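Here are some exercises to work through with the model open beside you. Try each task before you read its solution.

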Amino acid sequence: VSFSTVLIPDLAQISVLLGDQFEDYRKLLEAMNRERKRNNEQIQRLRGQRVMYGQLVQLMHTNSQKFLQCKGDEAAAGDDDALKVLVDTGNSSCLWRIMPWLKLISK
């Protein structure tokens, strides 16, 4: 499934399973698909732009269409001085702030 793929489940089957909650589910699904579309449009608009110090970015793994995520409370396997990094579909732990090296070592 591509990052920009719009999810279209079989709503007839889901309607039977959810009953009274189906309308809430449908609204959430529509909101999720609108957000995916906006996110993809923003990715396309920002592609190729310069990255500035202090800016928040998301780093996308192009093959999996997932974002690099830092597990701030977990150490990397085999290196207690490094944080665990993996890929995820996207959330607040997938945001990275670009900082100059000299500013980092002075803190």
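A residue counts as buried when its relative accessible area is under 20%, as exposed when over 50%, and as partly exposed in between (1.4 Å probe, protein chains only). This is a predicted model, in which local features need pLDDT of at least 70 and side-chain atom pairs count only at pLDDT 80 or more, while totals for chains, interfaces and linings use all residues. Residues are numbered from 1 along each chain as its sequence is written, and side-chain values use heavy atoms, with hydrogens and water left out.

**Exercise 1. Describe the chain as a whole: which elements does it have, and in what order?**

Step 1: count. The chain has three helices and five strands.

Step 2: order them. From the N terminus on, the elements run α-α-β-β-β-β-β-α.

Step 3: look at burial and contacts. Of the 107 residues, 10% are buried. Among contacts between residues at least 6 apart in sequence, 48% join residues at least 24 apart.

Step 4: The chain exposes about 8,700 Å², with carbon and sulfur atoms supplying 54% of it; the areas come from the Shrake-Rupley method with a 1.4 Å probe.

**Exercise 2. Compare the span of H2 with its expected span, then find what its buried residues pack against.**

Step 1: take the expected span as 1.5 Å times one less than the number of residues. H2 has 25 residues and reaches 36 Å from its first C-alpha to its last, close to the 36 Å expected.

Step 2: pick out the buried residues of H2, which are Phe22, Leu29 and Asn33. They pack against H1.

Step 3: turn to H1 (residues 11-18), where Ser15 lies. Ser15 has a relative accessible area of 29%, so it is partly exposed. The C-alpha atoms of Ser15 and Tyr25, 10 residues apart along the chain, are separated by 9.0 Å.

**Exercise 3. Find residues with a positive phi.**

Step 1: look just after H2, where Gly48 takes a positive phi of about 85°.

Step 2: check Gln65, which has a positive phi of about 60° although it is not a glycine. Gln65 lies in the loop between strand E2 (60-61) and E3.

**Exercise 4. Work out which element gives the most to the lining of the largest pocket.**

Step 1: set the volume. The largest pocket holds about 970 Å³ of space.

Step 2: survey its lining. Of the 30 lining residues, the closest to the centre are Asn39, Ile43, Gln58, Met60 and Phe67. Helix H2 (22-46), strand E1 (56-57) and strand E3 (66-76) each give two or more residues.

Step 3: name the main contributor. H2 gives the most, with seven residues.

Definitions for this exercise: on a 1 Å grid over the protein atoms alone, a pocket is an open set of points where a 1.4 Å probe fits, with protein on both sides within 12 Å along at least five of seven lines, and lining residues have an atom within 4 Å of a point. The volume is the space filled by probe spheres set on the points, which are joined across faces, edges and corners.

How values were computed: Helices (H or I, at least four residues) and strands (E, at least two) are DSSP runs, numbered from the N terminus. Contact means heavy atoms within 4.5 Å.
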